[in-house]
Amino acid sequence: MHLARFPRIRLGHFPTPLEPMERLSAALGGPKLWIKRDDCTGLASGGNKTRKLEWLMAEAVAQGADTVLTHGATQSNHARQTAAAAAFLGLKCHLVLEDRTGIASSDYREGGNVLLDRVLGATYEHVPSGTNMDAALAAAGEKVRAAGGKPYLIPGGGSNPVGALGYVNCALELLAQANDIGLRIDWLVHATGSAGTQAGLVAGLQALNSGIPVLGIGVRAAREAQEAKVFDLSERTAHLLDAPGVVKREDVRANCDYVGPGYGLPTPGMWSALTQVAQTEGILLDPVYSGKGMHGLIDLIGKGFFGKHENVVFLHTGGSVGLFGYQHAMG
């Protein structure tokens, strides 16, 4: 895969570390756990969206945009990283934030990621839960255009084929790291939501004939809907790479048993997993994505899903800034 064919602006600190989680592995009695630290990408506290934004922002600049717009939930890590990327490039940024959870506490509505959105210079608007977010984003873009600006619209999570190139590139990076240290990866596990991270990984790893299965732990949709969304984006990403047909339906796996009452709503299992990782490895997860992803991983280990001697890599998608928006829910 010759990714240099596509415009890219370097925004992150890559490669991110690939590290063993020895104390957590011992506490759980195996398998051998590793963590890919995409919380360390470096853009306004980092996270997985930085990889996607390297390709999306390059397209925005190539199109002559002066304002980037995107949407997400109130405590969106993607929105925060988009605001940071725009600031770095001298572009304006506007965010459409959906009150998806119904949480009304001030720490959730104005703290955490929202606080950093303001610090980074982004403007934002809140819209009610259930809003057609693509339509709301398009309307915001038209306002920019009517005022004489040149908008560039980024879908939620940066999840389109251009954004997914960031995780195609991550697949290349992860394989190079594993090969350098002689690590056979038996499973790659991560939280999956807007689908771009999983779609890029699946497309990349399949195109590389890696033999590494990817398991997404869903944070929003039911399994059938999530897998369909990931498969669709994986196929479109493969077409962009001139590798049509490389992804098969059976290559897309999601377990959506750990969503709980809904997207962004904490669960006891999430808090337990988040606390255990913090107190065994000194690593902070987040309440929306990586915390639920880790809950799924730990629960599946307890159910014997993975072999005791397998090597399982957990991709940390970042988001610990969001903890400061959930102080009301920590108990």
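Buried residues are those with under 20% relative accessible area, exposed ones have over 50%, and partly exposed ones fall in between (1.4 Å probe, protein chains only). The structure shown is a predicted model, in which local features need pLDDT of at least 70 and side-chain atom pairs count only at pLDDT 80 or more, while totals for chains, interfaces and linings use all residues. Residues are numbered from 1 along each chain as its sequence is written, and side-chain values use heavy atoms, with hydrogens and water left out.

**View 1. A salt bridge between Glu-173 and Arg-51.** The closest N and O atoms of Glu-173 and Arg-51 are 2.7 Å apart, a salt bridge being a side-chain nitrogen of Lys or Arg within 4 Å of a carboxyl oxygen of Asp or Glu. The pair links distant parts of the chain, since Glu-173 lies in helix 7 (residues 161-181) and Arg-51 in helix 2 (residues 49-62), 122 residues apart; helices here are DSSP runs (H or I, at least four residues), numbered from the N terminus. Arg-51 counts as buried because its relative accessibility is 2%, and Glu-173, at 12%, counts as buried too. Both residues belong to a network of salt bridges that links Lys-36, Asp-38, Arg-51 and Glu-173.

**View 2. A salt bridge between Arg-118 and Glu-110.** The side chains of Arg-118 and Glu-110 meet at 2.9 Å, N to O. Arg-118 has a relative accessible area of 40% and is therefore partly exposed, and Glu-110, at 35% relative accessibility, also counts as partly exposed.

View 3. Arg-236 is partly exposed, with a relative accessible area of 38%, and Asp-232 counts as partly exposed at 39%. The structure as a whole holds 17 salt bridges.

**View 4. The packing of helix 3 and helix 5.** Helix 3 (residues 77-89) and helix 5 (residues 112-119) pack at an angle of about 15°, with their axes 9 Å apart; axes are lines fitted to C-alpha atoms over the stretch in contact, and angles run from 0 to 180 degrees between N-to-C directions. The contact, meaning heavy atoms within 4.5 Å, is made by Asn-77, Ala-79 and Arg-80 of helix 3 and by Asn-113, Leu-116 and Asp-117 of helix 5.

Key. Helix = DSSP H or I, 4+ residues; strand = E, 2+ residues; numbered from the N terminus.
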